[in-house]
Amino acid sequence: MRHILHADFDAFYAAVEQRDNPGLRGKPVVVGGSPEGRGVVASASYEVRRFGVRSAMPMWTALQRCPEVIRVPPRFDRYGEVSRRVMEIFRAITPLVEPLSLDEAYLDVTQSVTPERSPARIAVELKRRVRSELLLTISVGVGVSKSVAKIASDMDKPDGLTVVVPGSEREFLAPLPIESLWGIGPKTAERLHSQGVRSIGDLAAKPEDWFVTRFGRTGPSVRALALGQDDRPVVVERERKSVSAETTLSHDTDDPELLLELVSRLSQRVGSYLERDDIQGKTVKV
Ligand code: TTP
Ligand code: CA
């Protein structure tokens, strides 16, 4: 049996800004581009979420929902630096750390567990270290698999700690909405809702062949996740699967000349990344 922690910063970009600028603490803060430049909210402090402001929302919508919102432009270098430091703290607990993004990672702590040091204790230690060394809060989920740990870390945000006791995975998952499961996006969820399947428990109650009919090849893995079964290991070094470049225009356009010019510029950027790292791809997507 494995013991896995999933750790995730609360309101990452916004929390770093509030930490670095005490004047922003306790205030409705968003990090993102300007409304004039069609910016979107990258991160919203918990204070501003009460107004219904969320990540990926256009900045002008955020302004409408909360006129007193304070917008801070992103400082990606700073977030990268904080990310490197938190990963160091994680690696001091276990070498088995798999970062998922700048602000979240899986930790396999199986080897660190002793009768005196339960996985939950390790999670408490981890939260304490991050708070004292970085002055930031993380939410942690503890479970025997990646999928359960990740869902658990989201249950009690911010500054949360949710422990799923081994053997109680099905019980833990049953009341949660199907959207919490990896691989169930909004479209699939809508389709399943119309068939009366809303909770993971509803899903888990379906027979094996139902999954194959609904999901095809991925049916068995969706079923396994719904039953709380997931034996994917924590992988320290992950192979990079793609290289990309993107941009946002200040106005919508369907001008073919402009678009071609843009595609050319972005593909040159992708090309230079490939060259720099001496790697190749075999599939191109626009
Ligand atoms: P999240 O972990 O999704 O969000 P969060 O840390 O701001 O808030 P919480 O986890 O407490 O719900 O994303 C981590 C960072 O990634 C976030 O701070 C900013 C960036 N991000 C974007 O730039 N755009 C997005 O649409 C999302 C979702 C995140
Ligand atoms: Ca986060």
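**Helix contact and ligand shell in a predicted model**

In this predicted model, helix α4 meets helix α5 through Val-82, Arg-85, Val-86, Ile-89, Phe-90, Ala-92 and Ile-93, which face Ile-122, Glu-125, Leu-126, Arg-129, Val-130, Glu-133 and Leu-134 of α5 (contact means heavy atoms within 4.5 Å). The residues of this contact divide into 10 nonpolar, no polar and 4 charged (Ala, Val, Leu, Ile, Met, Phe, Trp, Tyr, Cys and Pro count as nonpolar, Asp, Glu, Lys and Arg as charged, and the others, Gly among them, as polar). Helix α4 covers residues 76–93 and helix α5 residues 119–134 (helices are DSSP runs of H or I with at least four residues, strands are runs of E with at least two, and both are numbered from the N terminus). The two axes come within 10 Å and cross at roughly 145° (axes are lines fitted to C-alpha atoms, for helices over the stretch in contact, and angles run from 0 to 180 degrees between N-to-C directions). The crossing of α4 and α5 is right-handed (the near helix is turned clockwise from the far one by less than a right angle).

Residues are numbered from 1 along each chain as its sequence is written, while chains are lettered from A and ligands numbered from 1 in the order in which they are written. Local features need pLDDT of at least 70 and side-chain atom pairs count only at pLDDT 80 or more, whereas totals for chains, interfaces and linings use all residues; side-chain values use heavy atoms, with hydrogens and water left out.

Ligand 1 has 14 residues around it, of which Asp-8, Ala-11, Phe-12, Tyr-46 and Arg-49 come nearest (a residue is near if one of its heavy atoms lies within 4 Å). At least two residues of this shell come from each of β1 (4–9), α1 (12–20), β3 (41–44) and α2 (46–49). By class, the shell holds 7 nonpolar, 2 polar and 5 charged residues. Oxygen atoms of ligand 1 lie 2.9 Å from a polar side-chain atom of Asp-8 and 2.6 Å from a side-chain N or O atom of Tyr-46. A nitrogen atom of the ligand is 3.4 Å from a backbone N or O atom of Ala-42. The protein buries 66% of the 560 Å² that ligand 1 exposes when taken alone (accessible areas come from the Shrake-Rupley method with a 1.4 Å probe).

Two loops have backbone features of note. Leu-135, in the loop between α5 and β7 (138–143), has a positive phi of about 55° although it is not a glycine. Pro-158 lies in the loop between α6 (146–153) and β8 (161–163), and the peptide bond from Lys-157 to Pro-158 is cis, with omega near -5°.

Terms used. A polar contact is a pair of N or O atoms within 3.5 Å; within protein, one must be able to donate a hydrogen and the other to accept it, and residues adjacent in sequence count only if both atoms are side-chain atoms.
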